[in-house]
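Okay, everyone, thanks for coming. Let me put the structure up and then walk you through a few things I looked at.

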Amino acid sequence: MFLFLFFIISSVIAENSLPAEFTRCRQNDVAIDECLKHAVPDALRKMKKGISELAVPPLEPLSVSGMNIEAGAGPVVIAQNYKNIQLHGLTDTIVTHYKADLKHYRLRTETVTPKMEFIADYVMKGRILVLPIQGKGIANVTMVNLVVKHDLIGEPIVRDGETYMRIRDYRVKFIPKKVYLNFSNLFNGDKRLGDQMNLFLNENSDLVFNELKDAYEKSLSSVFQDVANKIFNAVPMNKIFPEE
């Protein structure tokens with residue numbers, strides 16, 4: 001699903017030496033986009049359990065420490081805090097489109113993840129339409145047939161004679177076919193109210209997700225940008241994308 005995962009994989013391995021079983025995509029190859037289209041999901045599958053000797057973490061699941069989502073405006077107004085986030089399903093991602101414009105430091109791709117699960121400890125408070133909602137427990141947000149559009153806008157940084165890429169903007173758009181929501185321990189553990197709210201959330205999941213997705217996209221794109229820049233800051237471009 002997430003393009004930054006490929007950058008993590010490519011960059012860490014490129015710095016140490018690319019294992020023979022990994023596909024190499026060279027920046028001067030006229031078919032680099034087609035190469036990357038197949039190389040990215042292949043790399044994700046091979047990194048499912050991580051590679052300890054290269055300090056590559058397991059991608060199934062991918063762990064994220066936390067994120068905060070501020071209450072917005074409109075029919076869904078919910079302040080949310082998530083910790084101990086586990087993202088499941090990334091290694092099943094398929095790349096449907098890839099466009100690498102390395103001369104202008106821009107990378108665009110579209111992916112499909114059959115089932116993406118976002119599981120985390122949560123705290124939330126707010127309202128949906130006229131209904132109040134509050135709780136503290138375990139959240140499960142499952143997105144089915146999730147299309148993600150990635151747009152990375154970078155710029156060159158020259159250091160010690162080497163050119164690095166700094167991502168100054170990372171944009172994502174989430175387009176799931178269906179979203180399922182479940183929050184445990186809503187309303188201080190009142191099972192009746194909690195079950196009713198979860199039922200309401202799922203009956204109106206399109207409305208709820210569409211109202212919140214900008215905040216999710218912004219929060220997760222910031223995470224991806226920070227991770228990508230840590231890698232790109234350490235590895236020159238010509239080692240991530242070989243010239244020859």
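This is a predicted model: local features need pLDDT of at least 70, side-chain atom pairs count only at pLDDT 80 or more; totals for chains, interfaces and linings use all residues.

Numbering runs from 1 along each chain as its sequence is written, and side-chain values use heavy atoms, with hydrogens and water left out.

Ile128, along with Tyr82 and Phe183, has the most contacts inside the largest nonpolar core, which has 64 residues. By nonpolar core I mean buried Ala, Val, Leu, Ile, Met, Phe, Trp, Tyr and Cys residues joined through side-chain atoms within 4.5 Å.

Next, the cysteines. Cys25 and Cys35 form a disulfide, with sulfur atoms 2.1 Å apart; the cut-off is a pair of cysteine sulfurs within 2.5 Å. Cys25 sits in the loop between helix H1 (3-16) and helix H2 (32-46), and Cys35 is in H2, so the pair ties together parts 10 residues apart in sequence. Helices here are DSSP runs (H or I, at least four residues), strands likewise (E, at least two), numbered from the N terminus. The link is left-handed, at -90 degrees about the S-S bond. Buried or exposed, Cys25 and Cys35? Both are buried, meaning under 20% relative accessible area with a 1.4 Å probe, protein chains only.

That's it from me!

How values were computed:
Buried means under 20% relative accessible area, exposed over 50%, partly exposed in between (1.4 Å probe, protein chains only).
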